[in-house]
Amino acid sequence: MLPDGSTSQAAEDASPWAACSAFAACAALGATPAPTSSDRSQSVAPATIVGRITTGRRPCLAAPIRGYVWVSNYGGSTLARVNPNTNRLAGPKIKVGFQPCGLAVVGGNVWVGGYGTSTIERVSLKRLKVTRRVRVGAAPWDVQYAAGSLWVSNNLDGTVLRLN
């Protein structure tokens, strides 16, 4: 968690990373890692905001996907793509199910957890639209891809699902 209370998802390589707060702005930051527990005598350089991008209502998660920073807008039921080179949205927002949050990339698709719909949705990276919906447990929060499967954590029923 950053000092302002926002959260982040690690970025690709050495590019700036993205952090989103409840104010619906996504800021590209240049940050210095915090010292380890054995190295607390070092001072930590503060992060410098180098851009502020309005992505939508109540951003939930920012993730680096194929050269863009994708942001799920929990309050607006959309996905936004940010071009990190220009600090601007890369096209229109993509309408998805109610209260999206978690994101995972599998092949040419982004899977989105729909907290308010109890579904996950597949968004084609090529077509930039929802191409499939799958009903999962109650209030899916996080979606990850590991060991050849999608993993979905369901906030309200206390389960984790593995989907092939």
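This is a predicted model: local features need pLDDT of at least 70, side-chain atom pairs count only at pLDDT 80 or more; totals for chains, interfaces and linings use all residues.

Colleague: How many bridges join β10 to β11?

Modeller: Five, and the two strands run antiparallel. In that pairing, proline 100 has glycine 114 in β11 as its bridge partner.

Colleague: What lies in the loop between β11 and β12?

Modeller: Tyrosine 115 is in that loop. Leaving out residues up to four places away in sequence, tyrosine 115 touches Tyr74, Phe98, Gln99, Ala139, Pro140, Trp141, Asn155 and Leu156.

Colleague: How far is the C-alpha of tyrosine 115 from that of glycine 102?

Modeller: The separation is 8.8 Å, for residues 13 apart along the chain.

Colleague: Stay with β12. Is serine 124 buried or exposed?

Modeller: Serine 124 belongs to strand β12. Its relative accessible area is 8%, so serine 124 is buried. Beyond four places in sequence, serine 124 touches Gly108, Asn109, Lys129 and Thr131.

Colleague: Now charges. How many salt bridges does a search of the whole structure find?

Modeller: One. The side chains of arginine 133 and glutamate 121 meet at 2.5 Å, N to O.

Colleague: Which of the two is buried, and which is exposed?

Modeller: Arginine 133 counts as exposed, because its relative accessibility is 55% and the cut-off for exposed is over 50%. Glutamate 121 is buried, with a relative accessible area of 2%.

Colleague: Change of topic. What about disulfides?

Modeller: The search of the whole structure finds one. Cysteine 60 and cysteine 101 form it, with their sulfur atoms 1.7 Å apart. The pair links distant parts of the chain, 41 residues apart: cysteine 60 sits in strand β5, cysteine 101 in strand β10 (residues 100-106).

Colleague: Left-handed or right-handed?

Modeller: Left-handed, because the torsion about the S-S bond of cysteine 60 and cysteine 101 is about -55°.

Colleague: Are those cysteines buried or exposed?

Modeller: Cysteine 60 counts as buried at 17% relative accessibility. That value falls under the 20% cut-off for buried. Cysteine 101 also counts as buried, at 2%.

Colleague: You mentioned β5. Which way do β5 and β6 run?

Modeller: They are antiparallel, and six bridges join β5 (residues 59-65) to β6. Alanine 63 stands opposite tryptophan 70 in β6. The two strands form a hairpin with two residues between them. In that turn, arginine 66 has a positive phi of about 50°.

Colleague: And how does β6 pair with β7?

Modeller: Also antiparallel, over five bridges, with β7 spanning residues 78-83. Valine 69 stands opposite valine 82 in β7. This hairpin has four residues between the strands, and serine 77 takes a positive phi near 55°.

Colleague: How many of the six residues in β6 are buried?

Modeller: Five, so as the cut-off for buried is under 20% relative accessible area, strand β6 (residues 68-73) is mostly covered.

Colleague: Last topic, the largest nonpolar core. Which residues touch the most other members?

Modeller: Trp70, Leu79, Leu103 and Val123, out of 13 residues. β5 and β11 (109-114) are the elements that give two or more residues to this core. β5 gives the most, with three.

Colleague: What is tryptophan 70 in contact with?

Modeller: Leaving aside neighbours within four places in sequence, tryptophan 70 contacts Leu61, Ala62, Ala63, Ile65, Leu79, Ala80, Arg81, Ile94, Leu103, Leu125 and Leu128.

Methods: Residues are numbered from 1 along each chain as its sequence is written. Side-chain values use heavy atoms; hydrogens and water are left out. Buried means under 20% relative accessible area, exposed over 50%, partly exposed in between (1.4 Å probe, protein chains only). Two strands pair if DSSP finds at least two bridges between them. A disulfide is a pair of cysteine sulfur atoms within 2.5 Å. A nonpolar core is a set of buried Ala, Val, Leu, Ile, Met, Phe, Trp, Tyr and Cys residues joined through side-chain atoms within 4.5 Å. Contact means heavy atoms within 4.5 Å. A salt bridge is a side-chain nitrogen of Lys or Arg within 4 Å of a carboxyl oxygen of Asp or Glu.
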